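Please look over the sequence and the structure shown below. The paragraphs that follow lead through selected parts of it.

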Amino acid sequence: METIDELVANNREFAASLPTRDLEVEPTRRLAIVTCMDSRLDVFAALGLTGGEAHVLRNAGGVITDDVIRSLAVSQRRLGTREVMVIHHTDCGMQKISDDGFRAELQAATGVAPAFAIESFEDVEADVRQSVLRVRRSAFLPHRDSVRGFVYDVDSHALREIAVEEGPP
Ligand SMILES: [Zn+2]
């Protein structure tokens with residue numbers, strides 16, 4: 001059985017075992033989290049969250065792309081969030097590729113150079129700082145006074161905050 005079939009079956013049991021929920025669309029903690037797609041980071045479990053409490057935006061690396069800013073703009077302007085938590089992690093797949101190398105690989109395989117930035121990184125702390133600054137400097141976001149960055153250790157599960165000094169704009 002394909003994995004997706006198995007998960008659809010899991011959902012039948014899940015839905016049958018729980019009462020119907022009636023949560024509001026606005027996250028009750030007024031929080032948005034931007035993090036990596038890494039399969040070892042269970043965001044809700046790691047932070048003690050449950051459904052209905054926070055927005056979680058995920059992509060390869062937890063990069064602050066235009067689409068993440070789009071989502072944060074909706075999150076803050078329509079759905080009431082006020083704080084942003086950026087979480088990168090140890091042993092990230094984005095540290096194992098290079099922008100030039102992966103771009104060349106995509107172009108060689110398809111004949112087309114991708115229009116998007118690859119956004120690989122070497123130094124996870126430096127990338128957290130850059131990500132926090134990108135959020136703080138986005139004029140599309142009305143709430144930028146509580147934007148904090150962290151590194152999650154995928155082995156110990158511990159979260160470490162990264163101080164972010166404001167650099168030149
Ligand atoms: Zn990652």
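**Strands around a zinc site**

Alanine 32 has valine 84 of β3 standing opposite. The model is a predicted one, in which local features require pLDDT of at least 70 and side-chain atom pairs count only at pLDDT 80 or more, whereas totals for chains, interfaces and linings use all residues. Residues are numbered from 1 along each chain as its sequence is written, and side-chain values use heavy atoms, with hydrogens and water left out.

Strands here are DSSP runs of E with at least two residues, and helices are runs of H or I with at least four, both numbered from the N terminus. Two strands are said to pair if DSSP finds at least two bridges between them. Strands β1 and β3 run parallel and are joined by five bridges. On its other pairing, β1 is connected by six bridges to strand β2 (residues 54-59), again in parallel; there, valine 34 stands opposite leucine 57 of β2. Strand β3 also pairs in the parallel sense with strand β4 (residues 147-152), over six bridges. Valine 84 has valine 147 as its bridge partner in β4.

How enclosed are these strands? A residue is called buried under 20% relative accessible area, exposed over 50%, and partly exposed in between, using a 1.4 Å probe and protein chains only. In β1, six of the six residues are buried, so the rest of the structure largely encloses this strand. In β3, six of the seven residues are buried, so β3 too is largely enclosed by the rest of the structure.

The zinc ion has as its protein donors Cys36 (SG), His89 (NE2) and Cys92 (SG), which lie 2.0 to 2.2 Å from it. Donors are N, O and S atoms within 2.8 Å of the metal (3.2 Å for Na, K and Ca), and because water is not among the atoms, sites may look incomplete. Along the chain, the zinc donors follow the spacing C-x52-H-x2-C. Cysteine 36 counts as buried at 5% relative accessibility, and histidine 89 is buried with a relative accessible area of 1%.

Threonine 81 is found in the loop between α3 (66-77) and β3. This threonine 81 is buried, its relative accessible area being 0%. Its side chain and that of serine 75 are joined by a polar contact of 2.6 Å.

How values were computed. Polar contact = N/O pair within 3.5 Å; in protein donor to acceptor, adjacent residues only side chain to side chain.
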